[in-house]
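Hello,

Here is the structure I promised to pass along.

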Amino acid sequence: MAVIYQAVYRRASSLFCRLHSTYVRKMRYLNELKEDDSLCRQAQTSGTFYLFHNLSPFLQKVGKKYLVPQLSAAGVKMILEKFKETEQWIEKSVLIGCSDEHIPHFAMDLGALEKSVIESELKGVFTDLQKALFIVDEKDSSVLASAQSLLRWHDSHQYCSKTGQPTQKNVAGSKRVCHASGITYYPQMSPVVITLVSDGSRCLLSRQPSFPPGMFSALSGFCDVGENVEEAVRREVAEEVGLEVESLRYSASQHWPFPSSCLMIACHALVSAQQAEISMNSQELEAARWFGLEEVVEGLKREPRSSKQDNGSFLPWFPPKQAIAHQLICEWVKQQTS
C-alpha cells in the first residue's frame, strides 16, 4: 500500500512541477519580451493579434456564439496593404500575453483606418467593449478588458506630465519614456472597493443613474489616497447609504476596464439589523434598498430584456456572471441557504 501511495505521490509531484515550470517559463518569456525591444520586434512576426477600432474589439459571429479572432502577422499585413500602410504599423501594437507554447499575443488599434472596410474584409464587426464583455466567453472577456485598458492607457499618456514632451513606448508597450526628463511611466490600475452589505438576513443593493433600467448591484467606489481596503469599505457604505459597517471580509478581485482600468476588490460587509435604516446619498445613487433571499434568487434568474413590465416599470435584475458583483450576490445566496 505504501508503495502505491509513493508512486501516486511521485506522479502528482512530477505533474505539479511540470505545470509550475510551464508557468514560470511563460512568465519569464513575457518579461524578456517587455525588456528586450529587438526580441519583442521579432516576436511580432510570429505572434497573433487582437484587433480594435477606437478601442472597440473585433468580433465574429459563428452560429449563435461570438468569437474573438486572433489574426496572424500575415493577416494584419494584408489589412495594412489594403490601406497602403507599411508594416511599421505593427509596432503600434501592445503585448498582452502568450500561449504555453510561447506564441505571443498582441493587441492593435486600427482606429485611423476605415472601419467598414476592415469589417467587410474580415467578416466581422467592431463592438463596444461594454457589450462585447457579456457576449463572449469569460476567458475572452478578460483578454479584451486587459487589452483595451492597455491601449487606452497609451492613448492618454502620449505626453510627459512634467515636461509636456512626447513620450515613447517600448515595443511591448509595457512602459513609456520621456527622454527629455528621463521619467518612465508604467500602466496603472485604480483600486475600487465593491461591497455587498448584509444585515444578516437581507442584502443591500443599489442603482447608479448610469445603470441600465432595472439593474441593481453592490455598492462600489474608488479608494482614496492613503486608505486601506477596510477604511475604503467603511467610508463608502457610510457615504452612500448612511450605515456603519460592523465587520467585513474579503471575497475576490477582478480587473474591470470601466470607467478606466480598475482593480475591483470585492468584500462582504455586515451591519447591525437594529441600525439598518438606509439614508441614501441621492448625489451618488438613484435607488438603494434591502432585498430578501427569495427576491434575490428570482432576480438572478431574470434576463434584462424580460424585466420590463406592462406599466413601463422594471423588475430588479443583477449584473451578469462576468461581473464580480454577480459573484458576491451568489456567495450571499449560498451563505443564506447553507
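How many residues of domain 1 are in contact with domain 2, and how many of domain 2 with domain 1? With contact meaning heavy atoms within 4.5 Å, 11 residues of domain 1 meet eight residues of domain 2.

A word on the source: this is a predicted model, where local features need pLDDT of at least 70, side-chain atom pairs count only at pLDDT 80 or more, and totals for chains, interfaces and linings use all residues. Residues are numbered from 1 along each chain as its sequence is written, and side-chain values use heavy atoms, with hydrogens and water left out.

The domain assignment, which is automatic or from a database, gives domain 1 as 22–177 and domain 2 as 190–337. Their centres, taken over C-alpha atoms, lie 33 Å apart.

Between them the two domains bury about 810 Å², with 69% of it on carbon and sulfur atoms. (Buried area is the accessible area, with a 1.4 Å probe, that two parts lose on being put together, summed over both.) In domain 1, Leu-133, Phe-134 and Ser-149 lose the most area to domain 2, together 49% of what that side buries.

Best wishes
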